[in-house]
Structure formats: structure tokens, C-alpha cells
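Let us walk through a protein structure together.

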Amino acid sequence: MKSLVLERKDELSLRDFPIEAAEAVLGPRDVRIKLHTVGICGSDVHYYTHGRIGPFVVEAPMILGHEASGTVIEIGAEVTSLKPGDRVCMEPGIPDPNSRATRLGMYNVDPAVRFWATPPIHGILRPTCTHPEAFTFRLPDSVSFAEAAMVEPLAVGVHAATKARVKPGDIAVVMGAGPIGLVTALSALAAGCARVYVTDLAEKKLEIAESLSPAITGVNVGREDIAERLRADTDGWGCDLVFEATGSPRAAARVFEPLAPGGCVVMIGGQPDPIAYDAGAAMIREARVENIFRYAHVFPRCVAMLASGTIDVKPLITRTFAFDDSVRAFEIAASAPPADVKMQIELPQ
């Protein structure tokens, strides 16, 4: 089927790809989905521009894409919760149900997890895919396909807020105003934060952040020190939570500076290499540090919050491309336009 294929580093093509045979037979608890909208993730772009992310190396042509929504067109014999015509979004990581991590409820850290568009697993920038019923979620009428394709990145933010154990009235700092930083800010507010400071170097992204809620304050760290700002705004105490969502070693080295005693740091941004860690700063605050890897058990929560309006991701969708323009879409995404947050691709219906 026609697919967006990463042939190798810096080379994309939109071409027929022989994937139908592997998915021709529908498992008894699987569904077949006609794709509608697929978001362009930073990891997709990183594979395109670098050919690898840490130990995951693109060694053969691979279909990109893992943030998706679509419509069920066929169901397996034992599927009971979905039917043809249902609009759905899909959690892209499929664990081994018998692994120790999965049995402990931590299926996202199962070493055997098969995750779309992570080598050697193909993604879903293609007309159809098959997927387990258990990781496919029906959409309420009030949630659009575009919003549903945002559930995957939103799940990262909700998982981060969950791991942070947000309490009503907390003050948070989110380092990074990219898509993950912004959904984390929205998740922190939905979880009960009174105020969220979002830091970045791009003024346009900070403007977008502030437009999402009057409880979000943008701070340009090229001009202002976030630790000094927090001390000034909190009578010298600091913030309760810091979410590191830049993936920048320089930013990660400073996560404890704005943090109040007893506060929590959540590491979200991927770091390809070891980073500096100020153990002394963590110790004197008796800081709690959490790390997240993707997400677990949060897709239904995300769909429910979109449906209720508790979280609105529509302002984050800044550009939409036709499937035939997928290569150009990735070229633009790789240039990191400052006015864009999330770009999406719509497939023919």
C-alpha cells in the first residue's frame, strides 16, 4: 500500500510498500482501521534527520507515524467492544501480555514492546493498519479525528502529571514549549496546578503557551532566569514541580534550581547521552525525581478530558497537510518553524 517510507537518513519517499501480506489475516481480537489523521512527532523527525534515537537504529526502510486516528472497517471474531464504523484512536505500543513488566502493570517499559515507527516496527502513515482491540479506543462524537490524533502526545503529559502526584494549588515549571511541553502544561493544570510557568527560547512558542490558559506564564530563558523569577513570585520558596521537556542537557542540568524544598522533578525529554546531575541540589531539597517512558493506562483518561473540554488541544494543531504532501510536511517539520507546534497529515477518505 502507498506509505510514507523513511528509506534511510535524510531520505523519504511516498511509495507502494509491501506490508499488506503481513496484515492480511485479522487476528480474533484485532481490528482493521482506515487511517484518517496522523501527527508528525519529534521522534519521527529525529529518525528522518539522524537515522537513529539512542539504541534504535533505522537499518532498513521503515514507515513513519504513530500518532493516529481512524475508523474501524473490520473486526476479528472475538472483538466485542468495537464495530465497523466506530471512530477510534490507537495506543501505538503493544507489549508482551505475559511479560513481567506487563503483569506488574508497567507495560510501557516491557523490553519486548512493539511500538509503531520504532525500528524495526513500521508506523501507520499508510491507508490501513491492524491493531489489537485492547489498545484501540472509541471516540465520542465531540472529539474530532484531529484531536484524537493528539491523544498520543497528550498521554505523555498526563502520564507525567500522574507521576508528579500533582496536588491542588501546586505551582509548576515546564521546561520546553514544544508539543510535549505544552500538553504537559495543560495536563498539570487539569490535574490541579494553580499556575504553570513554561520556559523556552522561542517567543512565538511562549505566546502560544500563554494563549492556552490565563494560568500559564511564559518565560523566555534567553532573557530571564527562571529560578530567579520563581523566587520573586513565591517569596523565595520556589515551585512544587518541574517538568523537563526539552531533552536539552543544559536545561536538564538546572532542573533543581527553581524547585522548592520537598518538590518533585519529572524527566520527560529524551537524553541521548548521560547528563550532569546536581546531587547536592537535589539532596538539600530532599527532592523527588521521577522518570517517564512514554505512558501507561492513560488513553481513556485523555479521550474523556478531550470530550469534556477539560483539556483543549485544538490550538496546538497549527498546520495540516494532505497525504500526498507528506514528504514536504516532514521537510518543513525538520526545519522547526517557531510558529508551529503540531503538524498533522490527513489521509484520503
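Some terms first. Helices (H or I, at least four residues) and strands (E, at least two) are DSSP runs, numbered from the N terminus. Buried means under 20% relative accessible area, exposed over 50%, and partly exposed in between (1.4 Å probe, protein chains only). Contact means heavy atoms within 4.5 Å.

The model is predicted: local features need pLDDT of at least 70, side-chain atom pairs count only at pLDDT 80 or more, and totals for chains, interfaces and linings use all residues. Residues are numbered from 1 along each chain as its sequence is written, and side-chain values use heavy atoms, with hydrogens and water left out.

Which residues of H10 are buried? H10 covers residues 299-308, and its buried residues are Phe299, Cys302, Val303, Met305 and Leu306. They sit on the same side of H10, because they cover an arc of only 165° around the axis. That arc is taken from the directions from the helix axis to the C-beta atoms. Now look at the other side of H10: Arg301 and Ser308 are exposed there. Just after H10 comes Gly309, with a positive phi of about 85°.

Next, go to helix H4 and find Leu154. Is Leu154 buried or exposed? Leu154 is buried, since its relative accessible area is 0%. Not counting residues up to four places away in sequence, Leu154 touches Val183, Ser187, Cys302, Leu306, Ile311 and Val313. Two of these names, Cys302 and Leu306, are also among the buried residues of H10. Take Ile311 as well: Leu154 and Ile311 are 157 residues apart along the chain, and their C-alpha atoms are separated by 9.4 Å.

Now step back. The chain has 11 helices and 20 strands. Its C-alpha trace spans about 60 × 40 × 35 Å along the principal axes. With 349 residues, a compact globule would have a radius of gyration near 20 Å, and the chain agrees with its 20 Å. This radius is taken over C-alpha atoms, and the globule rule is 2.2 Å times the number of residues to the power 0.38.

Buried residues make up 55% of the 349 residues. Among contacts with a separation of 6 or more, 69% join residues 24 or more positions apart.
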